[in-house]
Amino acid sequence: MATMESLIGLVNRIQRACTVLGDHGGGGGGSLWEALPSVAVVGGQSSGKSSVLESIVGRDFLPRGSGIVTRRPLVLQLHKTDGGQEYAEFLHAPRKRFNDFAAVRKEIADETDRITGKTKAISNVPIHLSIYSPHVVNLTLIDLPGLTKVAVEGQAESIVQDIENMVRSYIDKPNSIILAISPANQDIATSDAIKIARDVDPSGDRTFGVLTKLDLMDKGTNAVDVLEGRQYRLQHPWVGIVNRSQADINKNVDMLAARHKEKEYFESSPDYGHLAHKMGAEYLAKLLSQHLEAVIRAKIPSIIAMINKTIDEIEAELDRLGRPIGGDAGAQLYTILDMCRAFDRVFKEHLDGGRPGGDRIYGVFDHQLPAALKKLPFDKHLSSQNVRKVISEADGYQPHLIAPEQGYRRLIDSSLSYFKGPAEASVDAVHLVLKELVRRSIAATEELKRFPTLQTDIAAAANESLERFREDGRKTVLRLVEMEASYLTVEFFRKLPTEPDKVADKNTPVSDRYQDNHLRRIGSNVSSYINMVCETLRNTIPKAVVHCQVKEAKRNLLNRFYAHVGGKEKKQLSAMLDEDPALMEKRDALVKKLELYKSARNEIDSVAWK
């Protein structure tokens with residue numbers, strides 16, 4: 001099994017790494033830092049909390065004064081070293097090492113004022129301090145603002161509840177060990193620390209009671225009943241502490257001398273002599289460290305489960321954001337091409353029916369094109385009046401003898417020209433659908449979301465290709481119409497009836513009736529031919545559009561872009577993969593957090609069961 005020092009030291013190192021990455025305790029829960037056990041120090045104002053902490057550390061380093069002194073949570077991590085000089089480091093000043101603990105005190109005060117101002121206000125933003133010393137045990141302690149019953153001048157009316165809420169946010173956590181500080185010269189029944197600890201830990205399994213100011217009790221009284229658990233029982237033994245007196249502080253009596261004086265007090269006391277071996281700051285530190293080791297060992301399965309769950313969540317988030325890209329040109333080019341292929345897959349799914357949108361192309365052919373063909377003005381164009389006009393112009397000074405062939409050709413040719421409008425409109429309509437599918441596909445390609453510049457480049461390249469395909473489609477459908485005008489289907493006309501219409505009205509001159517009927521027959525013949533061509537074009541225009549635009553878009557939408565990208569230098573490729581700085585920062589933080597959690601899992605596994 002791992003030694004106590006190695007296991008607690010590992011937890012301390014993990015918590016330290018968490019604070020550096022910003023994955024640290026703030027009373028909110030949900031982080032690895034907060035899943036690991038720590039000791040929350042709770043007590044009323046002027047209960048001696050700060051003095052207890054200094055006694056455990058063996059250094060005079062906390063601000064002092066009257067009223068509310070601790071106005072921000074102080075997360076204090078003690079790291080036992082094998083030797084060497086003692087020093088301290090703050091999370092907010094990571095590259096600065098403090099060897100002078102008077103400077104540590106000033107830095108705590110200055111950092112408190114930086115957030116709260118030089119007022120009596122409080123803040124739940126913690127200060128993180130690490131102390132490295134051969135004279136400490138591995139331990140994480142959280143010094144919380146002292147509980148109070150009334151707001152004093154300069155404080156908000158809500159401060160009493162604000163402090164209580166802040167304290168509860170730390171001690172509510174099941175992994176939190178509560179160090180409840182109560183002054184011995186006050187009735188334990190009125191202790192703020194015991195009251196709030198009992199609320200969140202009614203069984204007392206997580207609470208350690210500490211009595212301070214034993215030396216300041218009224219003459220003839222003692223706290224033996226409390227220390228021996230008869231007045232208020234906890235699951236863990238009470239510990240008595242004798243802090244330095246104000247006179248000792250004024251004389252700068254160091255903490256090691258104060259510890260020795262405390263030990264002499266208990267050993268020589270007629271009231272507490274029999275408890276001397278279980279009293280004092282040094283004993284308290286060892287007691288907390290032993291308990292912390294036991295809690296850590298018991299919590300290992302749940303800690304590992306929480307780490308594994310978080311690793312899975314981080315991996316999923318990194319997959320969503322996209323993994324980091326290699327710095328060389330080859331890796332960058334591969335990433336760009338991979339993004340293009342991802343976009344191409346989504347685009348083809350839209351066309352092939354896997355995603356909505358492609359059906360609008362069929363709508364162009366099935367509804368829009370037939371409707372446009374139906375609206376063409378053939379009735380007006382092939383009216384008797386217009387037929388007479390066209391045939392007369394075609395005959396010139398010499399009227400036709402049998403059938404007005406030139407007139408027929410002019411009527412057919414001018415009628416066929418009307419088909420160009422619907423043909424081009426079909427090309428344009430499909431082009432718009434394809435452009436919209438490009439836009440949708442870019443938006444739907446998750447891999448592309450991290451690269452706004454590449455999105456723009458792909459959209460521009462795709463739309464440029466679609467313009468080329470549209471031009472090819474336009475030329476092809478117009479060629480279909482021109483082909484119909486270039487060579488008429490002779491067999492159609494050879495099958496037409498040639499005998500004149502029978503006389504309908506015996507009172508109308510035959511020559512007049514024949515002329516009107518003759519013109520109507522010409523118009524009817526041309527109309528029949530145009531209807532035949534219309535049916536043909538109704539089928540061939542969609543074929544041409546699909547062949548020139550849709551199929552080409554599926555096959556070659558980004559082909560030119562691939563060739564263009566392949567010739568770019570590393571600097572140009574980097575510019576195309578320019579990401580949102582906030583996203584890059586988020587991914588870097590997640591990568592570091594993932595490394596931390598994986599390292600923590602491996603270390604806990606190896607140390608805990610060694």
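Predicted model: local features only at pLDDT ≥ 70, side-chain atom pairs only at ≥ 80, totals over all residues.
## Strand β6: burial

Strand β6 spans residues 139-143. Of its 5 residues, 5 are buried, so the strand is largely enclosed by the rest of the structure. Buried here means under 20% relative accessible area.

The cover extends to both faces. Leu139, Leu141 and Asp143 are buried on one side. Thr140 and Ile142 are buried on the other.

## Strand β6: partners

Strand β1 (residues 38-43) runs parallel to β6, and 3 bridges join the two. Ala40 stands opposite Ile142 of β6.

Strand β2 (residues 74-80) runs antiparallel to β6. That pairing has 5 bridges. Gln77 has Thr140 in β6 as its bridge partner.

## Strand β8: burial

Strand β8 covers residues 207-212. It is mostly covered, with 6 of its 6 residues buried. Thr207, Gly209 and Leu211 are buried on one face. Phe208, Val210 and Thr212 are buried on the other.

## Strand β8: partners and crossover

Strand β7 (residues 176-183) pairs with β8 in the parallel sense, over 6 bridges. Ile181 stands opposite Val210 in β8. Between β7 and β8 the chain passes through helix α6 (residues 192-200). This β-α-β crossover is right-handed.

Strand β9 (residues 239-240) also pairs with β8. The sense is parallel, with 2 bridges. Val210 has Val239 in β9 as its bridge partner.

Terms used: Residues numbered from 1 in each chain as written. Heavy atoms only, no water. Buried < 20%, exposed > 50% of the residue type's maximum accessible area, 1.4 Å probe, protein only. Helix = DSSP H or I, 4+ residues; strand = E, 2+ residues; numbered from the N terminus. Pairing = 2+ DSSP bridges. Right-handed = clockwise from strand over helix to strand, strands pointing away.
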